[in-house]
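Q: I am new to this structure and would like to learn how to read its features one at a time. Could we begin with the place of the ligand?

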Amino acid sequence: LNMPNGIAAPRVVVVVCLLKGKKVLLGRRRSSIGDSKFSLPSGHLEFGESFEECAARELKEETDLDIKNIELLTVTNHVFLEEAKPCQYVAIVTRAVLADEDQEPQNMEPNMCDGWDWYEWDNLPKPLFWPLEKAGAVPKVAVVVSLLK
Ligand code: GPP
């Protein structure tokens, strides 16, 4: 993925707003980018995957949850110029709900996340990972949540 000038090509991540009533699943990141910030589950799109397949796979890998009704919300673009290795992510933001309402998230990758929990829509934890704050994903999810009420 290295381009001639040594800058990595933009990468595609699929982000999942997993909704449970008026709550959304967030975890505190353990990563060089956005360390200790709260964010939605996300992961890199693998070769041959649909966005929905990627969303379901990432949720399973990171939380052991099974999801359904996966729908595209929006697409956002994030350029990280201040990082040691400048990078760019195109985020495919999806929404989904639990396949089984009684399932609780497990922290399957504790080196990448401090743990997953449900947060009330109007009382989100701080600090949020800035792409989530900035990208407009939050207001869009709010709209979707209100539509589901
Ligand atoms: C990093 O994904 C995700 C982003 C930079 C964009 C997130 C966008 C939102 C609207 C929340 P990652 O943590 O899955 O990838 P990496 O392992 O490369 O940090």
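A: The ligand sits in the largest pocket, where a pocket is an open set of points on a 1 Å grid over the protein atoms alone, each with protein on both sides within 12 Å along at least five of seven lines, and a molecule sits in it if more than half of its atoms lie within 2 Å of its grid points. The elements that give two or more residues to the shell around the ligand are β1 (11-20), β4 (42-44), β5 (67-80), β6 (87-98) and α2 (130-134), with helices (H or I, at least four residues) and strands (E, at least two) taken as DSSP runs numbered from the N terminus. This is a predicted model, in which local features need pLDDT of at least 70 and side-chain atom pairs count only at pLDDT 80 or more, while totals for chains, interfaces and linings use all residues. Residues are numbered from 1 along each chain as its sequence is written, and side-chain values use heavy atoms, with hydrogens and water left out.

Q: How many residues surround the ligand, and which are the closest?

A: A residue counts as near if one of its heavy atoms lies within 4 Å of the molecule. Here 16 residues surround the ligand, and Arg29, Ser42, His44, Phe80 and Tyr89 are the closest.

Q: Which side chain has an N or O atom 2.7 Å from an oxygen atom of the ligand?

A: A polar contact is a pair of N or O atoms within 3.5 Å. The side chain of Tyr89 provides the atom at 2.7 Å from a ligand oxygen, while for His44 the distance from a ligand oxygen is 2.9 Å and for Ser42 it is 3.0 Å.

Q: What aromatic pair involves Phe80?

A: Rings of Phe, Tyr and Trp (its six-membered ring) pair if their centres lie within 6.5 Å, and planes under 30 degrees apart count as stacked. The structure holds four aromatic pairs, one of which is the stacked pair of Phe80 and Phe129, at 6.4 Å centre to centre with 10° between the planes. Phe80 lies in strand β5 and Phe129 in the loop between β7 (113-120) and α2, so this pair ties together parts that are 49 residues apart in sequence.

Q: Where is the cis peptide bond?

A: Most peptide bonds are trans. In this model a cis bond joins Lys126 and Pro127, with omega about -5°, and Pro127 is placed in the loop between β7 and α2.

Conventions:
Polar contact = N/O pair within 3.5 Å; in protein donor to acceptor, adjacent residues only side chain to side chain. 1 Å grid on protein atoms, 1.4 Å probe; cavity = no way out; pocket = protein on both sides within 12 Å on 5 of 7 lines; lining within 4 Å. Phe/Tyr/Trp six-rings, centres within 6.5 Å; stacked < 30°, edge-to-face > 60°.
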